[in-house]
Amino acid sequence: MPVSLTQLKEMKQKGTPFCVTTAYDATFAYEAGEAGIEMLLVGDSLGMVLQGHDSTLPVTMEDMAYHTGCVKRGNQNSLIMADMPFMSYGTVDACLENAGKLMRAGAHLVKLEGGAWLAESIRQLARQGVPVCAHLGLTPQSVNKLGGYKVQGKSDAAAEQMLEDARTLEMAGADLILLECVPTRLAQKITENVSVPVIGIGAGPHTDAQVLVMHDLLGLGRGRRPKFVKNFMVESDSIQAAFAAYAMAVRSRQFPAEEHSFNL
């Protein structure tokens, strides 16, 4: 049986970190699950690492449903989270319809990027039995609005807004929160002030879980490597061993280290 949300919430309560990586097909989903990765993210990052685009914006619902189905067929043990792609949840009705497509394709929960404005959509998804992860901080689908891939929540006002958004979305029914490119102290404060598990990427070592894009942790990324990335293939003799090394480093809180974090 796959890992459940209940188990992840229990891990938060016990202070036991859990691991997340992206997966886009059956083979890598199987390898990650066998290595003990608790959650697989079918990320719209596939637009960049699989399709060769320069952002996640070109990814369609059809792309996401297809790759979610591929991951489901290879998955044995992990919880599957699927991204809602760009412009697929601009209204509550669109959000419900498209979340249904991903759940039918094999997702156990969906992830949406945005702040408090998502509250009504999350409430309606929760009523329909669809678990949700709310993605705050650097939200790649808004890269043009944000002016690039930059750390978010640096000012006192921005930090307070992010904390308030996290609380609002938890109250609306979000089951998880993901923080991307957020200062370490802010990520720790949010993690301590919400009861749901918080997943970090470039958010320091104090969140309840960590996520990395599969290609990054396997050393396959092209171009400039983000600060928060570590190549776990360097000292591993197989892909599954690299996944296992990543999982062990997260659980022991050896990753992320200070050099992977934004200590602003």
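Author: The questions and answers below take up cysteines, cavities and aromatic rings in turn, and they concern a predicted model.

Reader: How many disulfides does the structure hold?

Author: A disulfide needs two cysteine sulfur atoms within 2.5 Å. The cysteine sulfur nearest to Cys-95 is that of Cys-133, 13 Å away. For Cys-181 the closest cysteine sulfur is again in Cys-133, and because it is 15 Å away it is too far for a bond. The number of disulfides in the structure is zero.

Reader: Is Cys-181 buried or exposed?

Author: The cut-off for a buried residue is a relative accessible area under 20%. Cys-181 has a relative accessible area of 6%, and therefore it counts as buried.

Reader: Which strand gives the largest share of the lining of the largest cavity?

Author: The largest cavity holds about 40 Å³ of space, and its lining residues include Gln-210, Val-211 and Leu-212, along with Phe-228 and His-260. By class, this lining has seven nonpolar, four polar and no charged residues. The largest share, three residues, comes from residues 209-212, which is strand E8.

Reader: How many charged residues are in the lining of the second largest cavity?

Author: The second largest cavity, with about 30 Å³ of space, is lined by Pro-17, Pro-205, Thr-207, Gln-210, Val-250, Arg-253, Phe-255 and Pro-256. Arg is counted as charged, and Arg-253 is among these lining residues. Beside five nonpolar and two polar residues, the number of charged residues in this lining is one.

Reader: What kind of aromatic pair do Tyr-89 and Trp-117 form?

Author: The structure holds four aromatic pairs, and in this one the ring centres are 6.3 Å apart with 5° between the planes. The pair links distant parts of the chain, since Tyr-89 lies in the loop between strand E3 and helix H5 while Trp-117 lies in the loop between strand E4 and helix H6. At 5% relative accessibility Tyr-89 counts as buried, whereas Trp-117, at 54%, counts as exposed. Planes under 30 degrees apart make a pair stacked, and with its 5° this pair is stacked.

Methods: Residues numbered from 1 in each chain as written. Predicted model: local features only at pLDDT ≥ 70, side-chain atom pairs only at ≥ 80, totals over all residues. Heavy atoms only, no water. Buried < 20%, exposed > 50% of the residue type's maximum accessible area, 1.4 Å probe, protein only. 1 Å grid on protein atoms, 1.4 Å probe; cavity = no way out; pocket = protein on both sides within 12 Å on 5 of 7 lines; lining within 4 Å. Points joined across faces, edges and corners; volume = space filled by probe spheres on them. Helix = DSSP H or I, 4+ residues; strand = E, 2+ residues; numbered from the N terminus. Phe/Tyr/Trp six-rings, centres within 6.5 Å; stacked < 30°, edge-to-face > 60°.
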